[in-house]
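Visitor: I would like to learn how to read the features of a chain and its interface. Please take them in turn.

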Amino acid sequence: MHALRHIRPGDWLTLLSGSVCVVWLMLSLWSSELADKAVIRSGGKIFREVPLSRDQSIEVPGPLGVSLILIQHRKVRIASDPSPRQYCVRQGWLEHAGEIALCLPNQVSVELLGGHKRYDSLNY
Amino acid sequence: MTSSTIKLQATAEDHHIARMAAVALGLTVLEAAIPSPLPGVKPGLANIVTLIVLARYGWRTAAWVSLLRVLAGSLLFGNFLTPGFFLSLSGALLSLLVLAFAQHLPSRWFGPVSLSIYAAFAHIAGQMEIVYLWLIPHAGIAYLIPIFAAAALVFGTVNGLIAARFMDNEETKQLGVH
């Protein structure tokens, strides 16, 4: 290998620390922490804060009717909602901290929180 | 009435800087033809010229060549004073700043490969800074940082090797070994 001839001892050090730096960035910026509690809001106010450890279904009243929220195996979804376009229902299961499902017409939302709050477009 | 002409005295050094900047510009144009999976992930071939100039003629000349390349390149691509121009400029400025310190590393241990990697990381850091502070002030761009950093490491190493190879060839030629 002729190319390796040009790499001096310190360059290996630079390469190594560069690689460590890249791996560290990947681990710290790409890891998505699993959530451990869900905050359910209705009409902008916190309706309930529930831990994900217990499977349950919660009925949340809103202006259009009742939204049904399911918690199963540390995951959360909005199972049914009276909103016309059903965006929050189609979002499916949420499991990572920072994920959020919003049913705007019915003013209901579920947000997942982990050990510490991650940034997203809603709380920048 | 006599016509007056303004004549700028261009020294040999000016010509030399212009020639080097032109080579760097050529590489920039060449590179624009290479498709990129993500805007901003580019080999940065022009930095090879900056590295060689730095090793040969010192930091001042390298800064001239690098900044002239950014300016002339923006005029050529028609993005002078657009966000793209400021991205290139901030990258080039931060690279030069880092090179100003890195050039004092003992050359017995640290060659062009190290300088190239440091400059590549500085380049991407300068660009991300502009993107975050001005263009997209959103934490979501953090997801892209590892990709850019990995690209900086790979392309920095490759550019450094090319620069080292080039300088090695010229030295052996000058010594009459070939």
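**Surface, fold and interface**

Guide: Chain B exposes about 10,200 Å² (Shrake-Rupley method, 1.4 Å probe), and carbon and sulfur atoms supply 69% of that area. The model is predicted: local features need pLDDT of at least 70, side-chain atom pairs count only at pLDDT 80 or more, and totals for chains, interfaces and linings use all residues. Residues are numbered from 1 along each chain as its sequence is written, chains are lettered from A in the order in which they are written, and side-chain values use heavy atoms, without hydrogens and water.

Visitor: How many helices and strands does chain B have?

Guide: Helices are DSSP runs of H or I with at least four residues, and strands are runs of E with at least two. Chain B has 6 helices and 0 strands.

Visitor: How is the area buried between chain B and chain A read?

Guide: The size of an interface is often given as the accessible area lost when the parts come together. Here it is about 2,100 Å², summed over both parts (1.4 Å probe), and carbon and sulfur atoms give 70%. W109(B), Y143(B) and P146(B) supply 22% of the area that chain B buries against chain A, more than any other three residues.

Visitor: Which residue forms a salt bridge with R5(A)?

Guide: A salt bridge is a side-chain nitrogen of Lys or Arg within 4 Å of a carboxyl oxygen of Asp or Glu. D168(B) is the partner of R5(A), with the closest N and O atoms 3.3 Å apart. The count between the two chains is 1.

Technical notes
Buried area is the accessible area (1.4 Å probe) that two parts lose on being put together, summed over both.
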